[in-house]
Amino acid sequence: MSQQKQILIIDDLLIPKQDFENSAKKSNLDYEVIWDEKRATPDKVEVIVTVLKKLGKEYLQQFPNLKMIAVAFTGYDSVDMEYCKKHGIAIYNVPKYSTNSVVELAIGLTIAVLREITYGNKIIRNEKWSFRPGIELFGKTVGIMGTGEIGVATARIFKASGCEVIGWSRSENDAFKALGGMYISDKQQFFATADIVSVHLPLNKDTEGIIDKKELKAMKKTAILVNTARGGVINEAELIEALEQKEIAGAGLDVFEKEPIDSNNRLLKLDNVVLTPHVAYKTEEALNRRMEVTVKNIADFRDGKKDNRVD
């Protein structure tokens, strides 16, 4: 059996395995790449590559020589940060690989809800033609909740589409202000002002459930909510209630509290929502960028560089 240290890949990276291995070879990574956990030798695993799988204490403690977790994703809340800090395990993420992809889906979901694209597709396939009027995007006030890189990039497209943009964030971004974006610090006022709220917050202890009944009730009855961030930032039960009671006009959702979504989730029965299965990041271009940055992160850890290190 090989004595070579190992990289264990525990999630589907949605790329050909050979592409990752070729990239690792170009970066001179002296590891055996293991794609099947059953083939891994726990005491040889020094790097774990993951996407969304939960990495808790019970799982991680089976790898006594683990030195690094390469999260091939922007969010890293699936990793037990406390355990890693205690045991000196470095965590790296891939923060910018899917910005364009996420922005495009946020815009697409917005237009799909406003123009009822999925409903139009349904009626024409049922040999009907009459269709109620949709709503223009132009001239609307769009609330960007979370003005990091993706939030600002999304605001830029909305602005170019003739919208006014307002922002709510825990810190202000000069790039958002340069677009003409105006911050509203009062969360209730922010929700009350927007015709469209596009969510771009990370999920952590400060943001979990940050959008609940209070924010939803503050929204206009004609307003819509779009979430391409993480499902946990919204109280899903209270969102469903608001949609069912027509307290808001609609929603475009790519993320959910539980994924995959349960077959009995009431969102599936609503005709004022457009749903996609957590695919905002999932384009061929973004997945290739993600793979390249993940390999670079492993090489950077080897070389003592900390560009994308989060812990």
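Helices (H or I, at least four residues) and strands (E, at least two) are taken here as DSSP runs, numbered from the N terminus. The structure is a predicted model, in which local features need a pLDDT of at least 70 and side-chain atom pairs count only at pLDDT 80 or more, whereas totals for chains, interfaces and linings use all residues. Residues are numbered from 1 along each chain as its sequence is written, and side-chain values use heavy atoms, with hydrogens and water left out.

By this assignment the chain has eleven helices and twelve strands. Its radius of gyration, taken over C-alpha atoms, is 21 Å, close to the 19 Å given for 311 residues by the globule rule (2.2 Å times the number of residues to the power 0.38), so the chain is as compact as a globular protein of that length. The C-alpha trace spans about 65 × 45 × 35 Å along its principal axes. With contact defined as heavy atoms within 4.5 Å, residues 24 or more positions apart account for 62% of the contacts in the chain that have a separation of 6 or more.

Relative accessible area divides residues into buried (under 20%), exposed (over 50%) and partly exposed (in between), using a 1.4 Å probe and protein chains only. Buried residues make up 49% of the 311 residues in the chain. The accessible surface, computed by the Shrake-Rupley method with a 1.4 Å probe, comes to about 15,900 Å², of which 49% belongs to carbon and sulfur atoms. When Lys and Arg are counted as positive and Asp and Glu as negative, with His and the chain ends not counted, the chain has 44 positive and 45 negative side chains. With each charge placed at NZ of Lys, CZ of Arg, CG of Asp or CD of Glu, the centres of the two sets lie 0 Å apart.

In soluble globular proteins, nonpolar side chains tend to be buried together. A nonpolar core is defined here as a set of buried Ala, Val, Leu, Ile, Met, Phe, Trp, Tyr and Cys residues joined through side-chain atoms within 4.5 Å. The largest such core has 45 residues, and those with the most contacts inside it are L8, F20, I48, V49, L60, I69 and I298. Helix α11 (residues 284-302) supplies the largest share of this core, namely six residues. Apart from this core lies another, of 30 residues, which includes L201, I210, L253 and L267. The surroundings of V49, with residues up to four places away in sequence not counted, comprise I7, L8, I9, I10, D11, L13, F20, A70, A72, T294 and I298.

Two further buried positions were examined. A40, in the loop between β2 and β3 (45-50), is buried, with a relative accessible area of 14%, and, its neighbours within four places in sequence left aside, is in contact with Q6, L8, I34 and V45. Although A40 and N272 belong to one chain, they are 232 residues apart along it, and their C-alpha atoms are separated by 47 Å. S198, which lies in strand β9 (residues 196-199), counts as buried at 0% relative accessibility; beyond four places in sequence, S198 is in contact with A106, G143, I144, M145, T154, F158 and V226.

The loop between β11 (250-253) and β12 (273-275) holds E257, which is partly exposed, with a relative accessible area of 48%. E257 and G231 are 26 residues apart in sequence and 4.6 Å apart in space, C-alpha to C-alpha, and E257 touches G231, I234, N235 and E236 when residues up to four places away in sequence are not counted. P260 is found in the loop between β11 and β12 as well, and a cis peptide bond, with omega of about -5°, joins E259 and P260.

Most residues other than glycine have a negative phi, and most peptide bonds are trans. N28, not a glycine, has a positive phi of about 60°; its place is in the loop between α1 (17-26) and β2 (32-34), and at 63% relative accessibility N28 counts as exposed. E127, likewise not a glycine, has a positive phi of about 60°, and is found in the loop between α5 (117-125) and β6 (141-145), where E127 is exposed, with a relative accessible area of 77%.
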